[in-house]
Amino acid sequence: MGGQQEEPSSVRLFREYLRIRTVHPQPDYDGAIEFLEKLSVELDLPCKKVEIHPGRTIVIVSWEGTDPKLKSILLNSHMDVVPVFEEHWKHDPFAAVKDEEGNIYGRGTQDMKCVAIQYIEAIRRLKSEGKRFPRTIHLLFVPDEEIGSQNGMVKFVESEEFRALNVGFGLDEGLANPSDAFTVFYGERSVWWVTVRCPGSPGHGSRFIENTAAEKLRRVLNSFLDFREKEKKRLNLSECLTLGDVTTINLTYLQGGVAFNVVPKELMASFDIRIPPTVDFKAFEEQIRMWCQDAGDGVLYEFHQKGMYLELTAIEKSDPWWDAFSSACQQMDMTLQCEIFPAATDSRFIRAKGYPAIGFSPMNRTPILLHDHNEFLNQRIFLTGIDIYTRLIPSLATVPPLESEA
């Protein structure tokens, strides 16, 4: 018998999902929704579609609990994936090629189509065993996470349909971990996208003009990038800190100029800044204001995005949700590393609404390749992830009634 025939059905399903090109800028959401609807029929679970924005639909597959008044468990995943540079890939990034070692290559293998299928397969297994749990479990499939979620989770958490889910606790994506441990994320850094505008005296490119935009821009760049260097050193010198504990600043755009021989009247620099919840946001913005003021007259900054996400999910044993999550992991001999997520996921919008949420993708012994060329996940790791969720989901869905639910 060939290897293809021996492939587990869950792996075939994973590869099928990877082949649906939900890639920006024109994700095939219709294809993904059709695929998910088919799976909800297989699971014999109701599937609800909510068009939250024209052409942007949320899919909700629900497994009702024996006590539906209790707060529910939300299992969130996003359908979309980031663009690819095909010339850098060993295989077609949308062919879901599996090599001899069982590595499955494709955009979305880690981020995060694996998790969506692992949720589904864990629930399929639990249902086939005749299990039922007190708390309702909602599988949520959302669009546009990779482009900021403005027409996805941002709108959905404000909707009646979200409130009707009666969420108690949420699981969302995490990151791979190259070691034997599994990384768990209980908070996120906030994303600030800032453009600094430096006006100056224009003129001919042959002269020493005073007060130019370039001189001001140089001071701005020095201030921002000197701070970047300090934070980088702080991270490298401390064994206790992870990337999520420090502030990163990266220069991502430079704009301005009209011709080689014309000194421009304005130059602009844009920065991607990620700030941990331990930082005083007000003081940090004041620092930006001072950097601009020190750079020269008329230098101003403006925000394109300004997250203010300070909410952290409890990771103490006294918290019933964390106790359920961590105890299930402990029973499976899993080592957990708890961190602040260094980038951004939809968890931030769930936490901002007051719901505890954990970012977790069960991928240990795996290099971190989200958004990277040759993104892959090994079949064995993928299958182990299903086993993990098959233990985690019951643990969360049987958390006894909380005081607020009594």
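Which residue lies over the face of Tyr 17? Lys 113 does, at 4.9 Å from the ring centre. The structure discussed here is a predicted model. It holds 22 salt bridges and 23 aromatic pairs, and its largest nonpolar core has 65 residues.

**Aromatic rings**

- The count of aromatic pairs comes to 23. One of them is formed by Phe 224 and Trp 291, whose ring centres are 4.9 Å apart and whose planes stand at 55°, so the pair is tilted.
- This pair links distant parts of the chain: Phe 224 belongs to helix H7 (residues 213–237) and Trp 291 to helix H8 (residues 281–295), 67 residues apart.
- Phe 224 and Trp 291 are buried.
- Ring pairs join Phe 224 and Trp 291 into a cluster with Trp 192, Phe 227, Phe 271, Phe 281, Phe 284, Tyr 301 and Phe 303.
- Trp 192, a member of that cluster, has the charged end of Lys 306 over its ring, 5.7 Å from the ring centre.

**Nonpolar cores**

- Within the largest nonpolar core, of 65 residues, Phe 325 and Phe 360 have the most contacts.
- Leaving aside neighbours within four places in sequence, Phe 325 is in contact with Leu 171, Val 184, Leu 336, Ile 358, Phe 360, Leu 392 and Leu 396.

- Side chains of opposite charge can pair when their charged atoms come close.
- Lys 98 and Glu 7 form a salt bridge in which the closest N and O atoms are 2.8 Å apart. Lys 98 lies in strand E4 (residues 97–98) and Glu 7 in the loop between helix H1 (3–6) and H2, so the bridge ties together parts that are 91 residues apart in sequence.
- Lys 98 is partly exposed, with a relative accessible area of 26%, whereas Glu 7 is buried at 4%.
- Glu 405 forms a salt bridge with Arg 135, again described by its closest N and O atoms, which are 2.8 Å apart. Glu 405 lies in the segment after helix H11 (379–397) and Arg 135 in the loop between H4 and E6, so this pair ties together parts that are 270 residues apart in sequence.
- Both Glu 405 and Arg 135 are buried.
- Arg 234 and Glu 231 meet in a salt bridge of 3.0 Å, N to O. Both residues lie in helix H7, three residues apart, about one turn of the helix.
- Arg 234 is partly exposed at 39% relative accessibility, while Glu 231 is buried at 9%.
- Salt bridges that share partners also join Glu 7, Arg 15 and Lys 98 into one network.

- Glu 145 is located in the loop between strand E6 (137–142) and helix H5 (153–156).
- Although buried, Glu 145 has no salt bridge; Arg 348, the nearest side chain of opposite charge, is 5.0 Å away.
- Not counting residues up to four places away in sequence, Glu 145 touches His 78, Asp 80, Glu 173, Ala 344, Thr 345 and Asp 346.

**Backbone features**

- His 24 and Pro 25 are joined by a cis peptide bond with omega of about 15°. Pro 25 is in the loop between helix H2 (9–18) and helix H3 (29–43).
- The peptide bond from Asp 111 to Met 112 is also cis, with omega near -15°. Met 112 is in the loop between strand E5 (103–105) and helix H4 (113–128).
- Ser 149, a residue other than glycine, has a positive phi, near 70°. Ser 149 is in the loop between E6 and H5 and is buried, at 0% relative accessibility.
- Asn 211 likewise has a positive phi, near 60°. Its place is in the loop between strand E10 (203–204) and H7, and Asn 211 is partly exposed, with a relative accessible area of 38%.
- Gly 203 lies in strand E10 and is partly exposed, at 24% relative accessibility. Gly 203 and Pro 264 are 61 residues apart in sequence and 7.3 Å apart in space, C-alpha to C-alpha.

Notes: Residues are numbered from 1 along each chain as its sequence is written. This is a predicted model: local features need pLDDT of at least 70, side-chain atom pairs count only at pLDDT 80 or more; totals for chains, interfaces and linings use all residues. Side-chain values use heavy atoms; hydrogens and water are left out. Rings of Phe, Tyr and Trp (its six-membered ring) pair if their centres lie within 6.5 Å; planes under 30 degrees apart count as stacked, over 60 as edge-to-face and the rest as tilted. Helices (H or I, at least four residues) and strands (E, at least two) are DSSP runs, numbered from the N terminus. Buried means under 20% relative accessible area, exposed over 50%, partly exposed in between (1.4 Å probe, protein chains only). A charge sits over a ring if NZ of Lys or CZ of Arg is within 6 Å of the ring centre and within 35 degrees of the ring normal. A nonpolar core is a set of buried Ala, Val, Leu, Ile, Met, Phe, Trp, Tyr and Cys residues joined through side-chain atoms within 4.5 Å. Contact means heavy atoms within 4.5 Å. Lys and Arg count as positive and Asp and Glu as negative; His and the chain ends are not counted. A salt bridge is a side-chain nitrogen of Lys or Arg within 4 Å of a carboxyl oxygen of Asp or Glu.
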